[in-house]
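Have a look at the chains first, then read on.

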Amino acid sequence: MNPFNLSAINFAWLPILPLIAVSLGAIVVLLVGVRVDDEDSAGLGFIALVTLLAAFILALFTLGQNTESFGGSLAVDDYAAFFEIVIIISTAVTVGMSLDYVAEARLAGAEYYSLLLFAALGMMLMAAAGDLIIIFLGLETMSISVYVLAGFVRRELRSNEAALKYFLLGAFSTGFLLYGIALVYGATGTIRLAPIRDALTAGMAGNPLLLLGLGMMLIGFGFKVAAVPFHMWTPDAYEGAPTPITAFMAVGVKVAAFAGFLRVFLVHLGPVSAQWTMVLWVIAALSMTVGNVIALVQVNVKRMLAYSAIAHAGYIIVGMAAARAPEAGGAILYYLLGYAFTNLGAFAIVIALERQGETTGNIADFRGLARNHPALAAAMALFLLSLTGVPPLAGFVGKFYIFSAALNVGLVWLVVIAAINSVISAYYYIGVIVAMYMQEGGIEIGRMTARPALLISIAVAVVGTVIIGLYPQPYMGAAVNAYASAIGRTTPHATALLR
Amino acid sequence: MGSFWLTGLIFIPLLGALLVLLQNEEGSIWRSAFIFSLLPLAISLYLFGAFDPREAGYQFVEQYTWIPQFGISYHIGMDGISLFLVILTTLLISLSLLYSGGGDIETRPREFCFFMLLLETGLLGALLAIDLFLFYAFWEVMLVPMYFLIGIWGHGRKLYATFKFVLFTMFGSLLMLVAILYLVGAAEKHLGHLSFDLTELYKVPLTPTEARWLFAGFAIAFAIKVPMWPLHTWLPDAHTEAPTAGSVILAGVMLKMGTYGFLRFAIPLFPEVAIEATPLFMALAVVGILYGALVAMVQPDLKRLVAYSSVSHLGFVMLGIFALDPQGVDGAIYQMLNHGLSTGALFLLVGMIYLRRHTREISEFGGLWRSIPIYAAVFMFVMLSSIGLPGLNGFVGEFLILLGAYLSSVWVAAVFAVMGLILGALYMMWAYERVMWGPITKAVNETVRDLNGREIAVMVPVIGLMLFMGLYPRPLLRRIEPSVALLLGRVQTARFEMQTSHVPALASLAAPSQSLNVK
C-alpha cells in the first residue's frame, strides 16, 4: 500500500467516537472546574458520569463492526468494544466511589475527574490498538494520568511515596516496552500488528532480535499487569494512593494492560506461542504463589488486596499460558469482566470505612462490621467469596473457565498449582470475613445513606458479581465473540477454531 | 419431566432464608424459619410416597440449559441413593431449628436462621444434582453457611476450628474441580462436545493412569469430607466447637456428602480404579473404625467423644461401600441414615445438657439418672441405637455392612470391624455409666431441670424413626436396592472387562473396542 495515497486510508469516524467523547468530557470537566470550589466537586463528577454514559452508548454502536480504521492503526472490532465497555464501567464506578471521597478530602475535583477520564481514554486506546505505537500511546496516556492520581493527596506522605515509586518503576517498565517495540520494528520492519504476525508465520519466529524484542515487551506488560517478578511497585502504590484510585489501578489499569498484552501476545503472537508460553507458565506460577503467600501476612487491607491483585494477574496468565486452547481468549476476557466488578466492590467497601480521606485501612477496622452495617458486611463477604472462587459467583466461573482452558492443553500441574493457591487465598480472604462477623471492636462509621453514590457503586458491583456468575451465558458469549473478532481480523480461519 | 418438586425442595429454603432476613422480631424469625424448613420436609415425605421403588434410575428429573458453552445444564433428579439422605436432611434441619429456637442460640437469631436455611439449599442441591458443575457449585455453597455457623455461634476455639474446616474442605474440593475439568476435557474428545452431565460421563475412555489420578482427585475431596482416617483431624475440632445445630447438621448430613460422593461419582465414574483401590480403602476404613473408637474411649469431653465416634461409624460406612457388593452398599446407605439419626440425636442431647450445666466434661456429671430421668432414658435409647442393639436401626445397617464385607474379596476386614463394634459398645456404655449412674457427686446436678416440652418434641420423631427403621427396614431397603444394583452393575462390568483384558488374545476376539478402552 502506498502510504501517501490518502484515499487508501480508511478514516472511519464512528469507531473513535467513544474516544472523542471521553476526551471532550475530560476537557469540559477541566474548564468548568476552574469555577468550582473543591467542596462542590461532585458536580464535576456528574459531568464525568454523563460523559462516560455517552461513551458507553457510542461504544455499543461500534459492536459488530469488525473492521479497521486509520489504515490499521486502530482495530475496530468487538474485542476493542468489549474492553472499552469494561473500562467505561470501571471508570464510572470509580467516579461513583469518588464523589463523596473527593469532596470530603477537599481534593481538586477538576483535575481529579479530568485525569480519570484521560486515563480512561488511554485505556480505551490500548484496547483498540492495531499497532505498537498506539499501544504505547495509550499506555502512556493512561500511566501518566494515573501517576498523578496516585499522588493526588499532596499532604499525605504515603500518597507522595506511592506516586513517586509508581512513576519511577512505571517509567522504567515503559522503557522496556518501548525498547522491545523498537527491536521488533527492527526485526520485522513494521509496527502494525497484523504484518508482524505474518512475518512470524513466514518463518521469522527464530530471529534473535525479534525474540529479544518480544522478551522486552513481555517485561513491560508484566510491570503493568503487576505479575511477579515485576510486581514490586504494587503494594506501596496501592497502599499510598487514594482508595478510589487504588481501585482504578487494580481494575482499570490491569484490565487495560491485559487488553494490550493479550492483543499483542495471544492474538498476534499466537502462532509462535511455543516461544513464550513456557515463560508465562513460570510467571503465572510465581505470581499466584508469591501474591497469595505474601497476602497471608498483610494487616492492611489495601496491601492485602494489592497482593491479591498480583495473584489474580497470575490466574489470568494461566489462561495466557494456555494460548493454544481455542477457548483461552474468551476465558480471560470473561475472567477480567468478573474480576472488575468484584474488585471494584471490595475497594468500595474499603472506602466506606474511611472518613475524610484518612487511610488507616487495617483489617482490624472491619471488626464487628456485620453488627453495625449488615448489608455492607454481606456485600464485602460476597466480594471476598467471589475472589476466593466460591460458586456461583463471578470469580468462580472465571477461574473455572480458565482452568478448563489450561487443562485442555495439558497444563495439569499449573492448574494444580492454581488450585492450591486458591486454597491459600481462602485463608486471607476469610480472615476479613472473620473480622467482620466473628470479632468485635472495629471503627465506627456513620450512616451509609449519607453517601448514596458510594452505595450505588457497591450495588452495581454486587449485581455484577452475582449476575455474571449465576447466569454467565451471555457474558461468556460476549467474551468469546470479542476474542473471535480479534482473531478473525488477522486470520479468517481462526474463527473456525472457536466453538 | 415437567414436575417442579425437586426445584421447590432445593429453593424453598433459600426463599425462606431471604424472607427471614426481612424480619426483626425474634419470635417471628424462629417461627418463619421453622415453617420454611417444614415445607421441604413435607415435600420430601411426599416424594417418598411418590417414589417408584421398581425404578433404578433418576426420578422427578428436571433439566434446563444453563451454560450451553460448557454443556452445563441444571439437571437434577433423585434415586434410591439420594432419596433418604434428602429426607434425613430436611428432617434434621427442621429439628435443629426447633431445638435452637429454645434458648440454644441467643445471639443474632436472624443470621442463624438465614445460614441454616441456606445450608439446607446447599445440601439438598448437592444431593440432587446430576450435573457435575451444578454439584460442585452446591458442594461449595454448603461450605459457606457452615463456616459462619461454627465461626459465629461456636464455642471455645471456634475460629481455629472453622478455619481448619474450611481449608481442609477447600483443598479437597479444588483438587476435585481440577479432576472434574480434566474428565470433561477427556470426555469431549470422546463425545465430540462438552458435557458436565454425569450420565454422559460414565463411559469416557481413560488410560489407567489418567483414571487413577482422577479417582484420586475425587476420592481425596470425599475422603476429607467423610472423614476417613488419616484426613479426619478437622472433624473433632469442628464438631466440638460448633453450636449444637451445627454439629447435628455437620455430623448428620454433611459427612454423608463424602460417602454419597463416593457412591454417586467416584465409584461409578472410575469403577476399575475403585476395584483396584478396594484393599486400601477397606484398610483405611478399618483403621478409622478402630482408631475412632479407641480415641473416643479416652475423651474427657462428651461432645468430643461423640465426634470421634463419628470417625468410627463413618469407617463402617466406607467399609460397606468398598465391599462393592449389594449387602455392603445397601448397609452403608442404611448406616448413613442411622448415623445421621443417632449422632444427630447424641449431639442434641449433649447440647441440652451443656445448656443446663455449661460444661461437657464427663467428670462433672454422674448420677443424672436420679435427677433427670427423662433425659437419661432418651439418652439410653439413642445410645443403644448408636451401638447397634438388635431391634433398633443401627443393627440393620451394621449387620448388612459386616455381611457385605465378609462376602467381599477382603473378608478379613470384617473380622477387624467386628472388634470396632465391641469397642463402640464399650466406650458408649462406659460414658453413659459415668454420666448417668452412680451417686450424684456434684450438688448442681441435683437441681438440673429435665427435658421440657420442646426438647421432647425434638427427640420424639428421632426415637420413632429409630424404632421403625430397626423393626421394619423393608420400605427403605426396597427403594434403595434397585439403584444400588444399577451402580454395582457398572462395577461388575468393569470387573469383567478387567478380567478378560488380562487375556489379551481372548479379549480382542470378544470385544476389541472395549478392551482398547480399558487398556
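## A buried methionine in chain B

B:Met459 sits in helix 19 of chain B, residues 453-471 (helices are DSSP runs of H or I, at least four residues, and strands runs of E, at least two, numbered from the N terminus). B:Met459 is buried, at a relative accessible area of 1%; buried means under 20%, exposed over 50%, and partly exposed in between, with a 1.4 Å probe and protein chains only. Along the sequence, B:Met459 and B:Leu95 are 364 residues apart, yet their C-alpha atoms are 8.3 Å apart in space.

A word on the ground rules: this is a predicted model, where local features need pLDDT of at least 70 and side-chain atom pairs count only at pLDDT 80 or more, while totals for chains, interfaces and linings use all residues. Residues are numbered from 1 along each chain as its sequence is written, chains are lettered from A and ligands numbered from 1 in the order in which they are written, and side-chain values use heavy atoms, with hydrogens and water left out.

How many residues of helix 5 of chain B are buried? The count is 10 of 10 for this helix, residues 132-141.

Over in chain A, A:Thr342 belongs to helix 13, residues 328-352, and is buried at 2% relative accessible area. Its side chain reaches back to the backbone oxygen of A:Gly338, at 2.8 Å.

## Salt bridges

Over all chains, the structure holds 18 salt bridges (a side-chain nitrogen of Lys or Arg within 4 Å of a carboxyl oxygen of Asp or Glu). One of them pairs A:Asp236 with A:Lys165, whose closest N and O atoms are 2.7 Å apart. A:Asp236 is in helix 9 (residues 233-240) and A:Lys165 in helix 6 (residues 157-188) of chain A, so this pair ties together parts that are 71 residues apart in sequence. A:Lys165 is partly exposed, at 30% relative accessibility. Both residues also belong to a salt-bridge network with A:Arg158, A:Glu161, A:Glu239 and A:Arg303.

In chain B, B:Asp52 and B:Arg54 meet through their side chains at 3.3 Å, N to O. B:Asp52 is partly exposed at 27%, while B:Arg54 counts as exposed at 73%. B:Glu481 and B:Arg474 make another salt bridge, at 3.3 Å, N to O. Here B:Glu481 is partly exposed at 29%, and B:Arg474 is partly exposed at 40%.

## Surface patches on chain A

Which elements give two or more residues to the nonpolar patch? First, its members: A:Trp13, A:Leu14, A:Leu17, A:Ile20, A:Leu24, A:Ile27, A:Leu31, A:Leu53, A:Ile57 and A:Phe61, with about 960 Å² of accessible area together. The elements are helix 1 (17-33) and helix 2 (42-61) of chain A, and helix 1 gives the most, with five residues. A:Ile20, in helix 1, is partly exposed at 32%. An α-helix has 3.6 residues a turn, so residues three or four places apart point the same way.

Two cis peptide bonds are worth a look. A:Val228 and A:Pro229 are joined by one, with omega about 5 degrees, and A:Pro229 falls in the loop between helix 8 (208-225) and helix 9 of chain A. Another runs from A:Pro391 to A:Pro392, with omega near 5 degrees; A:Pro392 is in the loop between helix 15 (374-388) and helix 16 (394-408) of chain A.Then there is positive phi in a residue other than glycine: A:Arg106 has phi near 55 degrees. A:Arg106 lies in the loop between helix 3 (78-104) and helix 4 (109-127) of chain A, and is exposed at 52%.

## How the patch was drawn

Patches take residues with over 30% relative accessible area and no salt bridge, joining like charges within 9 Å and nonpolar side chains (Val, Leu, Ile, Met, Phe, Trp, Tyr) within 5 Å. Accessible areas come from the Shrake-Rupley method with a 1.4 Å probe, and for residues only the protein chains shown count as cover.

Terms used
Polar contact = N/O pair within 3.5 Å; in protein donor to acceptor, adjacent residues only side chain to side chain.
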